[in-house]
Amino acid sequence: MSEKGEAGTSKSISEWWRSYLGNREQDPEARALAARLRHATGVEALVEPAVHKLARSLELGQRDGDADRVIRLATVLAEVREHDQHRLAARLGAANAMSRLRFERLIRSGTDEIATAVRRGLPLVERRCNVAMLGVDLLFWNDSVRARWCFDYYGATPPQSLSSEENDA
């Protein structure tokens with residue numbers, strides 16, 4: 001996890017999404033930013049001042065790969081239309097919104113492919129999920145996040161050891 005910890009990271013992500021993208025139905029600037037980010041390549045996303053505000057709030061930019069992480073995060077969050085309390089994987093598994101085989105492909109995605117896989121899955125759940133948790137998962141996509149997504153998809157409670165591993169990551 002970052003120096004901010006999961007709680008601080010999820011709060012920063014949630015506040016950024018709410019400020020810059022969450023009100024796109026009434027705010028033409030938010031709608032325009034979301035559209036630009038949805039269609040952006042890496043460099044195109046980095047020309048957006050809002051993306052740099054996100055990076056600063058998450059203390060990204062000091063390590064190799066941070067630019068890719070913030071690009072991945074911003075472009076995927078631009079696809080989310082509505083925040084709710086459910087994690088994305090739980091929503092994908094509910095009523096088989098995403099087939100098991102397609103979910104398996106998503107879980108096998110590396111950091112380079114996860115943004116595309118998630119962006120393709122969001123329309124299946126009406127582009128609704130827990131913004132903060134999705135953001136944290138995208139930033140720290142690793143085996144323990146993948147394992148939790150599997151439990152979420154199948155509606156099962158993850159073992160306590162998995163929860164403590166995530167807090168240590």
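**Helices, core and a buried glutamate**

Helix 10 is followed by Gly-155, whose phi is positive, near 70°; helices here are DSSP runs of H or I with at least four residues, numbered from the N terminus. The model is a predicted one, so to speak of local features takes a pLDDT of at least 70 and side-chain atom pairs count only at pLDDT 80 or more, while totals for chains, interfaces and linings use all residues. Numbering runs from 1 along each chain as its sequence is written, and side-chain values use heavy atoms, with hydrogens and water left out.

Within helix 10 (residues 143-153), the buried residues include Arg-146, Arg-148 and Trp-149, buried being under 20% relative accessible area with a 1.4 Å probe and protein chains only. Trp-149 turns up again in the largest nonpolar core: of its 48 residues, Trp-149 and Leu-134 touch the most other members. Such a core is a set of buried Ala, Val, Leu, Ile, Met, Phe, Trp, Tyr and Cys residues joined through side-chain atoms within 4.5 Å. Leaving out residues up to four places away in sequence, Leu-134 touches Trp-149 as well as others, among them Val-76 and Leu-77.

Glu-48 counts as buried because its relative accessibility is 10%.

Notes. Buried means under 20% relative accessible area, exposed over 50%, partly exposed in between (1.4 Å probe, protein chains only). Contact means heavy atoms within 4.5 Å. Helices (H or I, at least four residues) and strands (E, at least two) are DSSP runs, numbered from the N terminus.
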